[in-house]
Amino acid sequence: MTTNPGHVAALAGLSGMTPHRLRLILRHHGPVEGLDAARGRRPFHPMVTRSLATGNAEVREAMRRSAQRCRPDALGAWCSELGVGVTIVGDDDYPSLLANDLRPPAALFFLGDLTALSARRVGIIGTRNATTSGRMTARDLGAALASEGVAVVSGLARGIDGAAHVGALSADGGAGPVAVVGNGLDAAYPKQHSELWAAVARRGLVVSEWPPGTPPEPFRFPLRNRILAALCEVLVVVESRERGGSLITATEALHRSVEVMAVPGSPRSRAAAGTNQLLRDGAAPVTAIADVFMALGLDHRRSLPLPFDSRPLPVGVDARVLEACAEVARSLDEIASQLSLTVAESAMSLARLERDGWLLEAGGWFETAGSRVG
């Protein structure tokens with residue numbers, strides 16, 4: 001575990017901080033050094049400087065002022081008081097499932113035990129405005145999976161998510177559930193799930209990429225969904241409207257080669273519009289718990305202790321471009337000149353590699369993704 005949880009929390013909570021910027025900072029600086037640079041006491045690495053240069057000057061100044069005001073020791077003490085652990089990319093306890101993700105969170109704040117991720121894992125998600133039948137289905141699936149040692153991964157939201165975790169907790173001696181949330185771990189959201197949050201943390205794990213004190217603002221939940229998808233081996237959508245977070249999570253899962261399944265619903269029910277669309281698009285149907293166990297049994301890629309890399313392997317031009325960026329950050333023009341490519345070919349290759357999680361971009365410069373700071 002990182003030895004500077006307060007500094008990580010301080011960096012993650014700075015005004016104007018984004019997951020991408022935090023990832024760049026912690027890639028090139030330790031937490032203490034990164035916070036010193038944010039305060040203006042030392043220079044940032046050029047890639048971080050380029051990232052900041054693309055933003056508004058007022059945002060950069062607000063970040064500097066918030067860095068000067070923050071008290072990392074107090075934040076570290078608060079995390080300790082709350083029982084919140086912190087891990088960053090490169091730490092021994094950082095989940096291997098996320099280490100090679102398309103967009104791994106630079107830091108994870110957690111309540112409970114990270115070893116809950118060592119179990120087989122099935123995501124159960126769906127609409128907050130669930131039907132009674134949908135909630136019962138989610139609860140039954142959660143209980144059946146947990147009783148067989150499978151961790152139920154969900155978002156602790158109202159409706160399907162909460163019902164799935166209630167079901168998982170009802171299995172005596174079953175696998176601990178895993179929750180991924182979109183706010184700081186100092187306060188349960190929604191408030192009516194306070195007891196459920198505490199129970200999931202006691203039996204399993206609650207994780208967030210946001211430090212304590214972060215409010216549940218709407219933009220954080222689509223970001224949360226990529227982490228939820230990355231932690232699953234199979235994702236089951238019980239009920240979903242034609243738009244919403246469940247379909248975002250399903251898309252994120254498909255980008256990571258995670259099998260997406262859906263519970264069929266009545267064409268007259270709006271709560272089934274999204275799941276029926278997933279089925280039309282090729283998702284496997286869930287008509288009984290045996291369908292989920294079958295899917296889980298056929299795919300063991302993410303069940304191994306070694307990191308699983310879901311990124312598509314670069315070939316051809318993309319492999320050459322990635323190799324060129326391996327030692328030092330490159331610009332579009334440098335790639336085109338060095339590899340004798342057209343600007344259009346270079347731009348398309350760089351875009352593909354960034355989309356697939358192989359490259360990080362800052363101010364028009366590209367470097368390979370991954371952690372460089374131990």
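The model is predicted, so local features need pLDDT of at least 70 and side-chain atom pairs count only at pLDDT 80 or more, while totals for chains, interfaces and linings use all residues. Residues are numbered from 1 along each chain as its sequence is written, and side-chain values use heavy atoms, with hydrogens and water left out.

Helices (H or I, at least four residues) and strands (E, at least two) are DSSP runs, numbered from the N terminus. Strand E4 covers residues 150–154, and five of its five residues are buried (under 20% relative accessible area with a 1.4 Å probe, protein chains only; exposed is over 50%, partly exposed in between). In a regular strand the side chains alternate between the two faces of the sheet. In E4, Val150, Val152 and Ser154 point one way, Ala151 and Val153 point the other way, and all are buried.

Strands pair if DSSP finds at least two bridges between them. E4 pairs in the parallel sense with strand E3 (residues 120–126) over four bridges, and Val150 in E4 has Arg120 opposite. Between E3 and E4 the chain passes through helix H8 (residues 132–147) in a right-handed β-α-β crossover: with the strands pointing away from the viewer, the path from the first strand over the helix to the second runs clockwise.

E4 also runs parallel to strand E5 (residues 178–180), joined by two bridges. Ser154 has Ala179 in E5 as its bridge partner. Here the chain goes from E4 through helix H9 (residues 160–169) to E5, and this β-α-β crossover is right-handed.

Ser331 lies in strand E10 (residues 330–331). Why does Ser331 count as buried? Its relative accessible area is 14%, under the 20% limit. Leaving aside neighbours within four places in sequence, Ser331 is in contact with Gly364 and Trp365, contact being heavy atoms within 4.5 Å.
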